[in-house]
Amino acid sequence: MEPGPIELRAHSILITHGGELHIGSEQKPFQGKAHLKLYGSSHSTPFFPYGVKFLAVRNGTLSLHGSVPQMTVTYLRAAARAGDTMLVLEEGVDWHPGDEAVIIGGMGIEGAGPMEEVVVVEAVHNADLHLRTPLRHSYNFTGNWVAGKNHTLRATVALLSRNITIQGNLTLERLKLLHSCQKANAAEGRNAV
């Protein structure tokens, strides 16, 4: 049985004067979900020299040991098309429903760089990864000759989710900044950030 979820919310966390914060250990990694969320904005009172939203260690111990899946990075075994809801992977994975993964593939539109998208796992059946929503892009295999040998390049699939996370809140100031960036990019004819 997994331990219940741990949620710690704070404006800041300072571990000092021999203090300790432990989640799991090397010998017994934490198997449940732990989420540390830090709150703060430009209106919060700063704590010199750390700022307004921080996790800091000074003469103390921060020890976070979560579970690590057997496989965190793999490749597509078969091409995947836009609209597909299943990926066939090179190796079986022990990922869980709700986990997030990123697919990084070949080049997109000329000069746009590699294609990538974040997907959410719906179910896993050995090397078949079922997705919660359809793919936006297609991912094919590409062959390149290097030093007289043909190398097949495949899309990489990597697990993003971890069972211990540290996250800062998204402030209204940050949302306004992101919105103004999107407006500026749209005015210049570029895609939004």
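Is F47 buried, partly exposed or exposed? The structure examined here is a predicted model, in which local features require pLDDT of at least 70 and side-chain atom pairs count only at pLDDT 80 or more, whereas totals for chains, interfaces and linings use all residues. Residues are numbered from 1 along each chain as its sequence is written, and side-chain values use heavy atoms, with hydrogens and water left out.

F47 has a relative accessible area of 43% and is therefore partly exposed, where buried denotes under 20% relative accessible area, exposed over 50%, and partly exposed the range in between (1.4 Å probe, protein chains only). The rings of F47 and F54 form a stacked aromatic pair, with 6.1 Å from centre to centre and 15° between the planes. Rings of Phe, Tyr and Trp (its six-membered ring) are taken to pair if their centres lie within 6.5 Å; planes under 30 degrees apart count as stacked, over 60 as edge-to-face and the rest as tilted. Three aromatic pairs were found in the whole structure, and ring pairs join F47, Y50 and F54 in a cluster.

In soluble globular proteins, nonpolar side chains tend to be buried together. A nonpolar core is defined here as a set of buried Ala, Val, Leu, Ile, Met, Phe, Trp, Tyr and Cys residues joined through side-chain atoms within 4.5 Å. The largest such core comprises 19 residues, and L87 and L129 have the most contacts inside it. At least two residues of this core come from each of strand 9 (100–107), strand 10, strand 11 and strand 14 (156–159); strand 10 gives the most, with three residues. Strands (E, at least two residues) and helices (H or I, at least four) are DSSP runs numbered from the N terminus. Beyond its neighbours within four places in sequence, L129 contacts T85, M86, L87, L89, V93, W95, V121, A123, V124 and V157, a contact being heavy atoms within 4.5 Å. A second, separate core has ten residues, among them A10, I13, I23 and A34.

Four salt bridges were counted, each requiring a side-chain nitrogen of Lys or Arg within 4 Å of a carboxyl oxygen of Asp or Glu. One of them joins E117 to R136, with the closest N and O atoms 3.9 Å apart. Because E117 lies in strand 10 (residues 114–125) and R136 in the loop between strand 11 (128–131) and strand 12 (142–146), this pair ties together parts that are 19 residues apart in sequence. E117 is buried at a relative accessible area of 4%, whereas R136 is exposed at 56%. A further salt bridge is formed by R132 and E122 (3.1 Å, N to O). This pair also links distant parts of the chain, with R132 in the loop between strand 11 and strand 12 and E122 in strand 10, ten residues apart. R132 is partly exposed, with a relative accessible area of 48%, and E122 is partly exposed, with 40%. The side chains of R9 and E7 likewise meet in a salt bridge, at 2.6 Å from N to O. Here R9 is exposed, at 55% relative accessible area, and E7 is partly exposed, at 48%.
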